[in-house]
Amino acid sequence: MAYDFKDAIIRQYRRDDREPVRNISWDTAFVGSPADIFFFGKTILTDFLTLYFTDYEPESCFVADNEGRVVGYLIGAKNRGAISAAFKFKTAARLLIKAITGGEFFKKKNLIFFFNCLLSFLRCEFSIPDFSKEYPATLHINVGKDFRQQNIGSRLMSAYLDYLVKEKVPGVSLATMSDKAAVFFKKQGFNLLHAGRRSYLHYLLHKDLPIYIFGKRLL
C-alpha cells in the first residue's frame with residue numbers, strides 16, 4: 001500500500017531500505033543530530049536502534065520515499081515484549097561480542113558514554129511504569145534534516161496507526177527525549193503517560209533531558 005503526496009510517498013518498508021534507515025538513525029541519534037558526537041561505531045549503534053525492526057518485524061515499518069530516496073522512517077512493533085525477548089536471547093550477546101572484537105567497546109568516547117549511562121541507571125532514571133498491557137505496540141520515527149517541517153512525520157504516523165488498527169492492536173506507546181517531539185505526538189492524539197529526567201548526556205549538553213512516555217488507544 002502506498003500513500004501518495006506531492007513531494008513523497010509513504011510506503012511499507014522494503015529490504016533495500018535497510019541501509020538508508022540505518023543512516024537516518026545514525027544522523028538523528030543525538031537529539032536530532034549525528035551520533036558521532038557521543039559514540040564511535042556506526043554499525044553497533046544502528047544495530048541497537050534499528051535491527052529488531054528491520055530484521056525481525058519489517059512488516060510493521062514504513063518509509064517516506066522522495067523520488068526513490070528514503071528521507072524518513074517509522075519503525076514499529078506490534079508487541080514491545082517481542083523486542084525485549086529478541087534483544088535478550090538473540091541480539092545482546094552478538095552486539096557485545098561485535099563491540100569487543102571490533103574495538104568499539106574500548107574507545108574512549110564510548111567508555112565515557114557507557115559510564116554515564118551506568119550512572120543514569122544507578123539513579124533509577126531508566127525505571128518507567130509498564131504500559132504494555134494497554135499499549136502493546138511501540139514505534140520510533142525519524143525524518144532526515146532536509147525534509148523536516150514538510151508533514152512527513154504526520155504522514156508516517158497516519159500510515160502506521162492505520163496498520164495497527166487493521167492488525168487489531170489496542171494501543172501504542174513511545175518514548176521521546178525532545179520537547180519539540182512531545183508537541184508533535186500530542187498533535188497526533190497521544191496522551192502523556194509518564195515524565196521523568198535523564199542525565200546520561202549531561203556531560204555533553206550541560207543539562208538533563210526530559211523523558212516522556214506517550215500512549216494512544218486505538219481500539
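User: How is a pair of aromatic rings described?

Analyst: Two quantities describe such a pair: the distance of the ring centres and the angle of the planes. In this predicted model, the structure holds 20 aromatic pairs. In one of them, the ring centres of Phe-105 and Phe-106 are 5.3 Å apart and the planes stand at 80 degrees, so this pair is edge-to-face.

User: Are Phe-105 and Phe-106 buried, partly exposed or exposed, and what are the values?

Analyst: Phe-105 is partly exposed, at 29% relative accessibility. Phe-106 is exposed, with a relative accessible area of 53%.

User: Why is the pair of Tyr-160 and Tyr-163 classed as stacked?

Analyst: The planes of Tyr-160 and Tyr-163 are at 25 degrees, with the ring centres 6.3 Å apart, so the pair is stacked; the cut-off for this class is under 30 degrees. Both tyrosines lie in helix 5 (residues 152–166), 3 residues apart, which is about one turn of the helix. Tyr-160 and Tyr-163 are both buried.

User: Which residues do ring pairs link into a cluster?

Analyst: The cluster consists of Phe-30, Phe-38, Phe-39, Phe-105, Phe-106, Phe-113, Phe-114, Phe-126 and Tyr-200. A charge can also be placed relative to a ring: the charged end of Lys-107 sits over the ring of Phe-40, 4.9 Å from the ring centre.

User: What is found in the hairpin of strand 3 and strand 4?

Analyst: This hairpin has 2 residues between the strands, and Glu-67 takes a positive phi near 55 degrees.

User: How many disulfides does a search of the whole structure find?

Analyst: A disulfide is a covalent bond between the sulfur atoms of two cysteines. The search of the whole structure finds 0 disulfides. Cys-117 is in no disulfide, and the nearest cysteine sulfur, in Cys-124, is 15 Å away. From the side of Cys-124, the closest cysteine sulfur is that of Cys-117, and 15 Å is too far for a bond. Cys-117 is buried, with a relative accessible area of 17%.

Technical notes. Residues numbered from 1 in each chain as written. Predicted model: local features only at pLDDT ≥ 70, side-chain atom pairs only at ≥ 80, totals over all residues. Heavy atoms only, no water. Phe/Tyr/Trp six-rings, centres within 6.5 Å; stacked < 30°, edge-to-face > 60°. Buried < 20%, exposed > 50% of the residue type's maximum accessible area, 1.4 Å probe, protein only. Helix = DSSP H or I, 4+ residues; strand = E, 2+ residues; numbered from the N terminus. Lys NZ or Arg CZ within 6 Å of the ring centre and 35° of its normal. Pairing = 2+ DSSP bridges. Disulfide = S-S within 2.5 Å.
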